[in-house]
Amino acid sequence: MSDPAATSSQAMPPLRVRGPRRLFNAFEEVFDEERYFLILSVFIGIFSGLAVVCFRLAIDWTHLALLGPLPQTHTWRLFVVPSVAGLVIGALVLHIFPAIRGSGVNQTKAALYIFNGYIPFRTAIGKFLCCALAIGAGHSLGPEDPSLQIGASFASALGRQLHLSREKLRLMAPVGAAAGLAAAFNAPISAVLFVIEEVIGRWSAGILGSVVLSAVASVVIERWFLGSEPLFRIPVTTFKRPSELIAYAVLGIVGGVAAVIFAKAIGFLRPRLKALARWTQYFQPALAGLLIGLIAYFGAPQVMGAGYDFMDQAMHGQYVWQMLATLALLKIVATTLSFVSGTPGGMFAPTLFIGAMLGGAVGGIEHIFFPHLTGSTGTYVLVGMGVLFAGFLRAPMTSVFMVLEVSGNYEIILPVIIANTFAYVVSRSLQPTPIFDLLTRQDGLVLPSLEEEREETILRVEDAMLPAPDIILSAADYIDAAARRVEDSTQSIFLVRLEPSGWATVQRDLLQRLLHEGKGEHNLGSLIPPQPLPSLFPDLPLDNALRFINNHPIIPVVNRANRRKLEGVISSQSVFAKYGAPRKQD
Amino acid sequence: MSNLLTKLIPRSVVVVLLGLTIAAVAAFAAVSHLVARFNANQQSRGRKLYEQGLNDMNAGNPGRAVEEFRAALTCDRANPQYQLNLGRALRDTGRLDEAESYLVTLWQRTPEDGTINLALARVAARRGSLDDSIRYYHNAIYGVWASNANVNRRTSQVELIEFLLHKNARPQARAELVALAASLPPDPELHLETAQLLAKAQDYPSALSEYEKAVMLDRGNPVALAGAGEVAYRAGRYRSAERYLQSAVSADPQDSESRRLLESATLVLQADPFVRHISDAERNRRISAAFERAGERLTTCVQQKGIDLNAPANTDVSSPSSALVTLESRWLAMKRNLPKLRSPGETDLPDAIMDIVFQIEQQAANDCGEPQGLDQALLLISRNREAVDQ
C-alpha cells in the first residue's frame with residue numbers, strides 16, 4: 001500500500017526544478033528595455049543620492065577643518081587657506097583630472113549630444129575631490145553643478161557596464177544629472193525641470209518618468225541622511241496689492257542687468273585666462289583664492305563658499321540694503337574669479353546668493369521711496385534668488401519652480417513670475433547667448449542651444465499647403481462617372497474620399513484603363529488599391545510630411561475636428577520649395 | 001578593466017537588478033556608518049559651541065552667543081535646543097525677525113511646546129504686538145512643559161499679566177489675574193505677588209482679598225500688611241485700611257508710606273459724618289466742622305487764584321473763577337441754614353451741606369492743587385461717596 005504523502009513528495013521534484021526557472025524566465029520577460037530603464041533610474045537616484053550625501057559631508061568637513069566653525073574676519077586663514085587649496089586644485093586639474101574644468105551641465109549635454117552618453121568616471125572622482133576642497137576652502141562656488149555631474153558620471157558608467165542601447169545610454173547621463181541636482185538642492189521638481197529645460201530639451205513620457213524617478217529617489221536618500229530641513233528658514237512672505245508687482249518688475253530689470261554683467265565678466269575673462277601660458281594655470285586658482293580671501297579678510301567673509309547661511313540671514317533682515325548691494329557686487333567678483341581661474345565648482349549657489357542680496361538691496365531701496373510697500377525684505381530676497389537664476393542661467397521655468405519649492409509658499413508666485421520674466425527678457429535682449437552656450441562655444445564644442453531651439457520658428461504643414469483641388473472623388477462614385485469628371489482636368493492624380501473615413505489617390509491612367517476594361521459600372525472604392533493615404537493636420541511640423549512625400553505624390557491636409565474635411569494638400573514640390581531646396585531627381 | 005567588468009556583470013536583468021540591490025544596500029550601510037560618525041563628531045563640536053553660547057548668554061553677551069549658537073547649528077542643524085537658544089539670543093540682541101523665524105520653525109514642529117511658545121511670546125511682547133503676545137502666552141500657559149509645568153505656567157501667566165499692564169490693557173489683565181488667583185496653591189509669596197499685580201491692575205477689592213490670604217498664611221508679613229492696608233485705603237475701606245496699616249507700622253516702624261496712609265485713613269474715619277454707629281450730635285459736629293473747613297479752603301483757594309469776589313460776575317460758568325464765586329455764594333447761603341442742622345425736621349439738610357462741602361473740595365483740588373490733612377480726608381470721603389452712589 002502506497003503512502004499518499006510519499007507519492008506526493010515523489011511528484012514534487014520536477015516542479016521544484018521547473019518552478020523557479022519558469023518564474024525567472026517570466027520575470028525576465030516582464031522587463032522590456034523601457035521598464036528596465038525606469039528601474040535603473042531608481043538605482044541611479046539611490047546611488048547619486050548617496051554620492052551627493054558624501055560630497056556634502058566632504059565639503060562640510062573640509063570647511064570645518066580648514067576654516068573652523070565660526071565666521072571670522074581679519075584672520076590669516078581667510079586668504080592662506082583658499083590660496084593653498086587653489087595651488088593643490090591647479091595641480092590636480094592639470095595633471096590628474098583635466099576634464100573637470102568647466103560646467104557640469106555642459107559636460108552632461110556633451111555626453112548626450114556628442115559622446116553617446118559617455119562621461120568618464122574619473123570626472124566624478126575629480127569633481128568630488130576638487131570641488132569639496134575648493135568649496136570647503138572658501139572659493140566662491142556651489143556644490144550643485146558638481147553634484148549634477150557626479151550623478152551623471154555615475155549613471156553613464158552604469159549604463160556602459162550594462163550595455164544599454166545607444167539611445168538609452170545617451171539618456172543615462174541626464175537621468176543621473178537630475179538625481180544629483182535634486183539631492184543637492186533638496187528640490188526634485190526644480191531638478192527635473194532644469195534637466196528637461198536645459199539638458200535634454202524635450203519631453204516624453206519615458207524620459208520624464210526616468211528623470212522623475214531618479215530625482216525622487218535621490219531626494220529621499222538625501223533627506224534620509226541629512227534631514228528634511230529646507231535650505232533656508234523661510235520668512236513670512238506677503239503679497240497684498242497687485243500694484244506692488246511694479247516693484248518686483250523693477251527688481252527683475254535690475255536682476256537682468258546684473259545677470260548680463262556677471263555673464264559678460266565670465267565670458268570676457270575665461271578665454272583670456274585660458275589662453276595664458278600653461279604654467280600660469282597652476283597659479284590661477286591660487287590667485288583667485290587669494291583675492292577672495294582678501295575680500296573676506298577686509299570684512300566680507302560672506303562671499304566665501306556657497307553662502308547658504310548668509311542667504312538665510314539676508315532673508316531675515318540681518319543686513320541693511322547697502323550691505324546687501326555690496327555683497328551682491330563682491331560675490332559677482334568672487335565667483336567670476338573662482339570660475340574663470342578654472343577652479344571646478346558650480347554657479348548655482350553663487351547665482352542664488354547674488355540674486356538674494358540684490359533682491360534684498362532693491363527691496364530696501366524701494367522701501368525708502370515707497371514705505372507703504374508690504375513685501376518684507378525676506379520676500380524680496382526670495383524673489384531675487386529666482387530673478388538671477390532666470391537671468392543668468394536662463395532657465396525661466398526652473399527659476400519659478402525653484403523659488404516655490406524652496407519657499408513652499410505659493411503666495412509669492414505672481415511676484416516671482418513677473419520678476420523672473422523681466423529678468424529673462426532683459427538678459428536675453430542684452431546677452432543673446434546664454435551662459436552655458438557661451439561656455440560651450442568657448443570650449444570649442446557645438447552643442448544645441450536649447451534656448452535658441454525653443455525660440456526657433458518652425459515650419460508647419462500649413463506653410464507648404466496647397467489649396468484643395470477642385471475635383472475630389474468619392475469611393476462611392478462609379479468609374480465611368482469619375483472618368484467623366486476628370487476628363488477636362490489637367491491633373492494626373494486625384495484624391496478619393498473613402499467611406500466611412502480616410503483618403504486615397506487614383507491616377508487618371510488607372511481610371512481610363514478601368515473604363516476600357518468595362519468596369520465603368522463598378523464603384524471606385526471597390527477597385528482602387530486598398531492602402532489608405534496618410535493625412536496630416538495643418539499645425540503639424542512640416543518635418544512630419546517628409547516621412548510620406550517620397551511614397552505619395554500628394555498628401556491630404558485635413559481638419560482636426562472633421563477628418564473628412566479637406567483643408568488642402570501638400571506635394572513633394574511644395575514641401576521642398578518651402579525648405580528652399582530643389583528636389584533631386586530620382 | 002572594462003572587459004573584465006563586462007564578464008563579471010551578467011546581462012540577465014534579474015541578476016543585474018539583484019546585484020544593484022545588494023550594491024545599494026551595501027553602499028547605504030557604508031554611507032550610514034560614515035554619516036553617523038560625522039554626525040557624532042559634529043554633535044560633539046556643536047555641544048561645545050552650544051555651551052560656550054550659553055556661557056556668553058549668562059555673561060550678558062548675546063551677540064557673541066548668537067555666533068556660537070549659529071555655529072553649533074551648522075554642526076547639528078536640526079537640534080531644537082540650539083535653535084531655541086539662538087532664537088533667544090537673537091531676541092536679546094534685538095534681531096526680532098530672525099529670532100521669530102527660528103522660533104516659528106520650531107513652533108511648527110511642536111506647536112504645543114510651552115518653552116517655544118513662551119520664547120515666541122517674549123519676541124511678540126518686545127515687538128509690542130498685543131494679539132500675538134496673548135496668543136503665544138496662552139499657548140505657553142496651557143501648553144506642554146517638560147518639567148516644572150505648574151511653575152512655568154504660572155511664570156508665563158505672570159509675564160503675560162505684566163505685559164498687559166504695561167500695555168494698559170487692564171480688563172484683560174484682570175481676567176488673567178482672576179484665573180491666576182483661582183489656581184494658586186497656599187503659598188503666601190504667590191498670593192502676595194498676585195495681590196501686587198491686582199493692585200497694579202487697580203482691582204483693589206480682589207487685591208485686598210489676596211493680601212488677606214497672604215496675611216492669613218504669614219501673619220507677621222509686613223509687606224502683606226502694608227499692601228493690604230494700601231489697597232483697602234484705595235478701595236475706600238478705611239476701617240480695614242486703618243487696621244492693616246496699624247499692623248504694618250507696628251511690624252515695620254520705618255514704613256513711612258504706611259504711616260502716612262494710616263494718618264489719612266484715621267482722619268477720614270474721624271471726619272466722615274456718614275459712618276454708622278455715631279450719635280446725631282457727633283454727626284452734626286462733623287458736618288459743621290467739615291462745612292467750616294470747606295469755607296476756609298474756599299477762601300484760601302480764592303485768594304490763591306487772585307479772584308475779586310466783588311467784581312461783576314463772569315458770564316462763563318465753566319471758568320474756575322466763576323465756579324469758585326458761585327460756590328462762595330452757595331456756601332454763604334448755606335451758612336445761614338447751618339443752625340437748622342439740629343432741627344429734627346431737616347432730614348435733607350446734612351446731605352445738602354455735605355454736597356456743598358464736597359463740591360468745594362473737588363473744585364479747590366482742581367484749581368488749587370491736591371489738599372492735605374482734613375481737606376484731603378473730605379475729598380476722599382467725597383470720592384468714596386461718589387463711588388458708592390455710582
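Which residues of α6(B) are buried? The legends below take up this helix and then other parts of the predicted model.

**Figure 1. Helix α6 of chain B, a mostly covered helix in a predicted model.** Helix α6 of chain B runs over residues 114-127, and its 14 residues reach 20 Å from the first C-alpha to the last, which is close to the 20 Å expected at 1.5 Å a residue. Of these 14 residues, 12 are buried. The buried residues of α6(B) are Gly114(B), Thr115(B), Ile116(B), Asn117(B), Leu118(B), Ala119(B), Leu120(B), Ala121(B), Arg122(B), Val123(B), Ala124(B) and Ala125(B). The partners against which these buried residues pack are four helices of chain B, namely α4 (80-92), α5, α7 (130-141) and α8. After α6(B) comes Gly128(B), whose phi is positive, near 85°.

**Figure 2. Chain B as a whole, with its helices.** Chain B contains 18 helices and zero strands, and of its 390 residues 37% count as buried. When contacts in chain B between residues at least 6 apart in sequence are considered, 48% of them join residues at least 24 apart. The pLDDT of chain B averages 84, and 92% of the residues score at least 70. As a caution for any close-up view, where pLDDT is low, the predicted coordinates should not be read in detail.

**Figure 3. The side of chain B that touches chain A.** In this view, 30 residues of chain B are in contact with 29 residues of chain A. The elements of chain B that give two or more residues to this side are α2 (13-58), α3 (62-75) and α5 (96-109). Helix α2(B) gives the most, with 14 residues. Sorted by kind, the residues on this side of chain B divide into 19 nonpolar, four polar and seven charged. For the complex, the predictor gives an ipTM of 0.73 and a pTM of 0.68.

**Figure 4. Ala40(B) in helix α2 of chain B.** Ala40(B) is found in helix α2 of chain B, and because 10 other C-beta atoms lie within 10 Å, where 12 or fewer make a residue exposed, Ala40(B) is exposed. Ala40(B) and Cys75(B) are 35 residues apart in sequence, and from C-alpha to C-alpha they are 9.6 Å apart in space.

**Figure 5. An open sheet of three strands in chain A.** The strands of this sheet follow the order β1-β2-β3 (chain A), and their pairing is mixed. Strands β1 (472-474) and β3 (503-507) of chain A stand at the edges, and each has a single partner strand, so one side of each is left without a neighbour in the sheet. From one strand to the next, the twist averages 40°. Strand β2 of chain A, residues 493-497, is joined to β3(A) by five bridges, and these two strands run antiparallel. Within this sheet, Leu495(A) stands opposite Thr505(A) in β3(A). As background, strands of a sheet pair through backbone hydrogen bonds, either parallel or antiparallel.

**Figure 6. Strand β4 of chain A, covered on both faces.** Strand β4 of chain A covers residues 554-558, and five of its five residues are buried, so the strand is largely enclosed by the rest of the structure. On one side of β4(A) are Ile554(A), Pro556(A) and Val558(A), on the other are Ile555(A) and Val557(A), and all of these are buried. Five bridges join β4(A) to strand β5 of chain A, residues 566-571, and the two strands run antiparallel. Val558(A) stands opposite Leu566(A) in β5(A).

**Figure 7. Two asparagines with positive phi, Asn186(A) and Asn168(B).** Most residues other than glycine have a negative phi. Asn186(A), although not a glycine, has a positive phi of about 55°, and it is found in the loop between α7 (166-185) and α8 (188-200) of chain A. Asn186(A) counts as buried because it has 21 C-beta neighbours inside 10 Å. Asn168(B) also has a positive phi, near 60°, and lies in the loop between α8 (149-166) and α9 (170-182) of chain B. With 7 C-beta neighbours inside 10 Å, however, Asn168(B) counts as exposed.

Key:
Residues numbered from 1 in each chain as written. Chains lettered and ligands numbered in written order. Predicted model: local features only at pLDDT ≥ 70, side-chain atom pairs only at ≥ 80, totals over all residues. pLDDT = per-residue confidence, 0-100. Pairing = 2+ DSSP bridges. Axes fitted to C-alpha atoms, helices over the stretch in contact; angles between N-to-C directions. Buried ≥ 20, exposed ≤ 12 C-beta atoms within 10 Å, placed from the backbone. Contact = placed C-beta atoms within 7 Å. Nonpolar A, V, L, I, M, F, W, Y, C, P; charged D, E, K, R; others polar. Expected span 1.5 Å × (residues − 1).
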